[in-house]
Amino acid sequence: MKLILTEEEQFLKDTATNFANERSPINHFRALRDSNDPILWDKDLWHEMSKLGWPGIMIPEEFGGSNFGLSGICVVLQECAKTLTPSPLFATGVLGAYSINTYGTQDQKEMYLPAIVNGELTTSLAVDEASHHNPFQTEFNAKKQNDNFILSGKKTFVIDGASSDLIIVLARTSGSKGDSTGLTLFVVDADQDGINKIKLDMADSRNYANITFDNVTVSSDSILGDLETAGETIDDILDIGRIAISAEMLGNAEAAFDTTLDYLKQRKQFGVLIGSFQALQHRAAEMFCEIELTKSSVMAAMRAADERSNDLQRLSSLAKTVSGETLHLVSNEAIQMHGGIGVTDEYDIGFFLKRARVAEQIFGSSKFHTERYANLSGF
Amino acid sequence: MTDLNKFREDTKKWLDKNCPPSMRNGADPKIPVDEVWGGRNAVYKNPESKIWLERMGEKGWTMPTVPKEYGGGGLTKDEVKILNEEMFFIGAKQPLLSFGIWMLAPVLLEYGTEEQKKLHIPKIIKGEIRWCQGYSEPGSGSDLASLSTKAEDIGESFLVNGQKVWTSYADKADWIFALVRTGPKEPKHDGISFLLIDMASKGVSTKPITLISGKSPFCETFFDNVEVPKENLIGELNAGWTIAKKLLQHERAFISNFGLAAGMGSKRDVVSIAKKHLGEEDGKIKNTFYRSEISSHKIKEHAFGLTLKRAGDEGGKASATASMFKLYGTEHNKKRHELMVAASGVNGVAWDGDEFEDSDKNLTRAWLRTKGNSIEGGTSEVQLNVISKRVLGLPSQ
């Protein structure tokens, strides 16, 4: 497992850096936030991303993708996160593409993957039902009726849930809340009768929804993977998602830090640059080190995912914890070091703080993953 | 068979034949363990420690990448990896601990003359000469460049007068590599030279310093009209600061690796200590407050280990990373010891006597020793200064 980028990954990264800087600088995000756009990402921009092949990075060539794996999409997500680029790349290109490609039937793959590749189909993954991430607490019910299942219940904080065409939903087919068994994943058309999407207004101004299912009938063909095996498969899908969101959070932290470092080199007080104060220098140096540790953690985790390492789960929790704590630190320090303008809406740095706190919650906080790391390490 | 496969086969065979039984996995625990530093006055409790050092020294495998002409192994990076792996598989002990290997030899290779390299490096590799480091002085700690031990030009040789402090194992070393002031009128960084001094020279004396741990790994070293031949000057006159800084990078890299290796390979493990003293339930540390703190710490050490690996994979972008590794390696080592002491309860602060196990008493001493880690070789604050200025380009006041 080499912790350096391959030539192809470096190429993807450079392309993504240019794209983010030219096509979606931070004012692109600001404009979306200030608009009344219900989706909060830009369809034309997504079309451009699709032309670059990004939604298909994790999809095999036979379905039109480029098969660069999680590592490939992580470097793109990291770069796009530096300008806070909103897009369906995470929910569709990572969560949707990975779940269907890894656990779908040949029919499901043929039906969905090519549509994901060309940007026509977006997906969401509906897991949680309460304020804290915990997939095994699922109560969302799927009752078998002849050849069909009847889905009922409510899912919360579904990423891209306000607009996705397809919902991959975690449901309980037996047992009770808290059991890791008796869980099944279903792929459901979001337009079906009985599905109600309630758009959420979150601090980071991105696309989320609570989704209710009121006796929605789906056929057994919509099961993703096998019946009642989702206890394991959901954890695997989530681990891939956790690593990808960690890469995004790393990009957020890098950008917030670079912006802050520039400010320390420009802002004068008491007749000198504030960056000459040791009280700020040491804190900046610590942030630099934490970001370096985060880079290594994210890279080790994405490599573990692509190599299907036995240590994948632990490295996923490691990456989510480390990126969470680093971004937490950097987003706070960035505001403080900017002083007064740091708390104005006019200045961009506050966007990183808001994004940070939401991203920290996605698929488990640092606390959740610190506990999981201990469980997986045998203490 | 590729060359590397053949090298692996040969290495395996050689180790099998030459690594003595008490120097590898499955050693009889009754045989005393030596901390082998070599040198003229080395004493061995276990004769196999000496045999192992001699055999590895002869192969040049205590410094495997150094060219054979200087007594090294002349191996490629890939071969060294194989050697390390094969040694790891049989649990082979490191044959030699040496400041010569970790610090002096790398700068001799870079700055020494051909004669100096051929004279000193083979003896370092074979463990025949034990070196110590003469950097700090009573008045020059973090501000090392203010050092005042002077070396006057008296024709054939230098006349050295002054005092060094924090000299590790000066009382046991054969030679010292020292920073001395040769240009009293130059700006402070431009009047320093890098000099090698035989500790057996007339006028050199040492005095051990007792630390808070009760141990004395460091000494004060005094130079009273010591004559040092001019051929012992490394590099140009008054150009010693560049060499000094380079050597500090090697030292920092070593200290940070040492912290990590100590944590991973040590019998002292925070998890087992916590399970022993705080109890265990379903394989988990019973007390959830300690458990979460330990897990947070383990995660940080894991991320740090991955960063060392990444730096290796990138081919080591030296100076920036050396400061970071020194800072984190030592701070993590301190934190780990604090956690072990806390998890041990009162046993973690046991000092002496028969009421406590050796492991408890040793932990107390080890914990106290770690307090020096973030001071020696450049304090944590100095490392943060280096990162701020050289890596981040933040302005000076």
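## A pair of strands in chain B

In this predicted model, Ile209(B) stands opposite Phe218(B), a residue of strand E7 of chain B. The strand that pairs with E7(B) here is E6 of chain B, residues 204-209, and the two run in the antiparallel sense over six bridges.

E7(B), which covers residues 218-229, is also joined to strand E3 of chain B, residues 157-168, by 10 bridges, and these two strands likewise run antiparallel. Within E7(B), Phe223(B) is the bridge partner of Gly162(B).

## Overall form of chain B

Taken as a whole, the secondary structure of chain B amounts to 11 helices and 10 strands. The C-alpha trace of chain B spans about 75 × 55 × 45 Å along its principal axes. Chain B has a radius of gyration of 22 Å, which agrees with the value near 21 Å that a compact globule would have with 397 residues.

## Two helices that cross

Helix H1 of chain B, residues 3-18, and helix H3 of chain B, residues 77-89, have axes that come within 10 Å and cross at roughly 35 degrees. The crossing in which H1(B) passes H3(B) is right-handed.

On the side of H1(B), the residues that meet H3(B) are Leu4(B), Phe7(B), Arg8(B), Thr11(B), Lys12(B) and Leu15(B), while H3(B) brings Asp78(B), Glu79(B), Ile82(B), Leu83(B), Glu86(B) and Met87(B) to the contact. Sorted by class, the residues of this contact of H1(B) with H3(B) are six nonpolar, one polar and five charged.

## A segment annotated in UniProt

For residues 51-128 of chain B, UniProt lists "domain: Acyl-CoA dehydrogenase/oxidase N-terminal", in an unreviewed entry.

## Where chain B touches chain A

The contact between the two chains takes 31 residues from chain B and 32 residues from chain A. On the side of chain B that touches chain A, the elements giving two or more residues are strand E10 (284-285), helix H8 (288-313), helix H9 (318-344) and helix H11 (380-391) of chain B.

H8(B) supplies the largest share of that side of chain B, namely 14 residues. By class, the side of chain B that touches chain A is made up of 15 nonpolar, nine polar and seven charged residues.

Note on methods: Residues numbered from 1 in each chain as written. Chains lettered and ligands numbered in written order. Predicted model: local features only at pLDDT ≥ 70, side-chain atom pairs only at ≥ 80, totals over all residues. Axes fitted to C-alpha atoms, helices over the stretch in contact; angles between N-to-C directions. Helix = DSSP H or I, 4+ residues; strand = E, 2+ residues; numbered from the N terminus. Left-handed = near helix turned anticlockwise from the far one by under 90°. Contact = placed C-beta atoms within 7 Å. Nonpolar A, V, L, I, M, F, W, Y, C, P; charged D, E, K, R; others polar. UniProt positions renumbered as here; feature names shortened; annotations may be inferred. Pairing = 2+ DSSP bridges. Rg over C-alpha atoms; globule rule 2.2 N^0.38 Å.
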